[in-house]
Every structure is written in structure tokens, then in C-alpha cells.
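Hi,

Here is the structure I said I would pass on. My notes follow below it.

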Amino acid sequence: MTNTRMIALIHLLAALAFAIAGPLLAPDFRGYDPADFPIPQGDAPVGPAGYAFSIWGVIYLWLIISAAVGLKRHDAPDWAPMRGPLIIALLIGTPWLSLAVASPILATVMIFAMLAFALKAMSRAPVLDPWLARAPNALFAGWLTAASFASLGYVGAGYGIVFGAVGWAYLCLIGALAVAYAGTRLRPDAPLYPLGTAWALIAIVVKNWGSEWGVAGLAGLGTVLLLTFAVKAWRRPAP
């Protein structure tokens with residue numbers, strides 16, 4: 001077996017492990033348990049409405065399809081730079097749900113590491129095969145951009161660090177939008193990256209509508225901005 005085929009096979013196995021381990025180890029996970037924190041965070045405004053987590057089904061399936069296609073194209077030179085950081089992101093993510101149940105602090109550190117490697121993989125994704133390589137990576141990184149800051153918001157508010165739950169929601173929304181802007185600049189031909197983050201922000205609007213109007217408004221404005229980025233990326237001429 002050639003070295004490139006071996007790495008492509010590891011990529012596929014990592015994608016399968018990532019998709020299987022999470023639902024298997026924590027099938028009902030919809031966010032941190034309020035009892036995990038000294039200050040319970042049962043309805044923290046930084047978290048999206050529960051329906052938003054359904055995006056994981058699309059992400060899991062798409063990453064597996066991408067890896068399977070990549071195995072067939074193991075010797076394609078433009079696929080190779082993406083595989084290393086993506087494999088690392090998937091390996092970090094494989095035990096994430098089970099660890100999130102036990103330690104939100106560790107889970108927060110891990111999800112930011114996952115995000116960093118997912119962004120690196122997206123930046124290295126091939127220009128060709130946009131729907132089989134770049135798109136699933138972009139959606140994965142886009143969701144992680146929102147999820148990582150939501151995790152930070154839960155931990156910050158749950159441990160009473162400087163701000164309360166609403167303050168952390170504002171801070172983390174600003175942080176997520178800043179990273180989303182940087183990620184869009186990093187890969188301006190990947191519309192599903194801002195769309196992945198926008199999906200989470202829309203769910204934050206839904207959750208906070210009628211209660212925390214300021215948080216809902218900021219998330220709504222962020223959604224409009226990200227959708228504008230996505231439209232520009234979609235209209236970007238193919239190289």
C-alpha cells in the first residue's frame with residue numbers, strides 16, 4: 001500500500017470514527033448539563049435552539065462521503081494538503097461528546113483545537129471537487145466556529161468569570177463573528193463556511209426571541225452579515 005493511499009484510508013477511518021463515536025457515546029447530547037457548572041446554565045442565551053444540532057447528521061455523512069471519494073483519489077496532489085489537519089480535527093472530535101458530558105472546560109479547549117485544525121483543512125482544500133472536498137470541510141468549520149464560542153460562553157458564565165450569561169453571550173457572538181469574518185477571508189470561495197455559522201446564529205435568534213432581545217438582535221445582524229458573505233462567495237467566479 002502506498003503512503004498516499006494509507007493516509008487517505010486513515011482519513012476515511014477517522015471520518016467514520018467521528019460519525020459513529022459521538023452518537024453512540026452520547027446519543028441525547030443537546031448541550032451541557034446545567035448541573036455541570038457552579039452557576040447552572042440551563043437556558044444560557046449563548047446556546048442555539050436544540051433543532052440546530054440536527055446539522056451534525058449532514059456534516060457526518062458529507063465528511064464520510066468526502067473521505068471515501070478521497071480514498072479513490074488518494075494520489076491526487078491537491079487533496080493531500082487537506083488530509084493532515086482534517087484527520088487531526090476528526091480525531092479530536094471523536095471522543096468529544098463523551099468528554100463534554102464529563103468536563104465542559106476540557107471540552108471547550110478541545111473544540112477550539114478542533115476548530116483550528118478544521119479551518120486549516122478548509123484553507124488547504126482543493127479548488128477542484130468543490131462539493132466533495134471544500135464544501136463539507138467548510139460546513140464543518142462553520143458550525144464549529146459558532147459551537148466553540150457557545151461552549152466558551154457556557155463555561156465563562158457557568159463559572160461566573162467577570163460577566164453573567166447575557167454578557168458572555170454578547171462577547172462570544174462578537175468573537176464568533178470575528179473568527180467567521182477571518183475564515184471567510186481565508187477561503188472566500190467557500191460559501192458553506194459562513195452558512196454553517198449562520199445556521200447556529202439563526203438558532204440563537206430563535207432561542208432568545210421574546211426574552212433577550214439584544215442577544216437576538218446581535219445574532220440576527222450577524223446572520224445577515226454572514227449570509228451576505230455566503231452570497232458573495234457563491235457568486236465568486238470559478239478559477
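**The cavity and its lining**

The lining of the largest cavity has 11 nonpolar residues, with no polar and no charged ones. Nonpolar here covers Ala, Val, Leu, Ile, Met, Phe, Trp, Tyr, Cys and Pro; Asp, Glu, Lys and Arg are charged, and the others, Gly among them, are polar.

This is a predicted model: local features need pLDDT of at least 70, side-chain atom pairs count only at pLDDT 80 or more, and totals for chains, interfaces and linings use all residues. Residues are numbered from 1 along each chain as its sequence is written, and side-chain values use heavy atoms, leaving out hydrogens and water.

The largest cavity holds about 60 Å³ of space. Its lining includes A200, L201 and I204. A cavity is a set of points on a 1 Å grid over the protein atoms alone where a 1.4 Å probe fits but cannot get out; lining residues have an atom within 4 Å of a point. Volume is the space filled by probe spheres set on the points, which are joined across faces, edges and corners.

α6, α7 and α8 each supply at least two lining residues. Helices are DSSP runs (H or I, at least four residues), numbered from the N terminus. In α8, 12 of 17 residues are buried, A200, L201 and I204 among them. Buried means under 20% relative accessible area (1.4 Å probe, protein chains only).

P191 lies in the loop between α7 and α8. P191 counts as buried because its relative accessibility is 12%. P191 touches A230, A233 and W234, not counting residues up to four places away in sequence. Contact means heavy atoms within 4.5 Å.

Best wishes

Methods. Buried means under 20% relative accessible area, exposed over 50%, partly exposed in between (1.4 Å probe, protein chains only). On a 1 Å grid over the protein atoms alone, a cavity is a set of points where a 1.4 Å probe fits but cannot get out, and a pocket is an open set with protein on both sides within 12 Å along at least five of seven lines; lining residues have an atom within 4 Å of a point.
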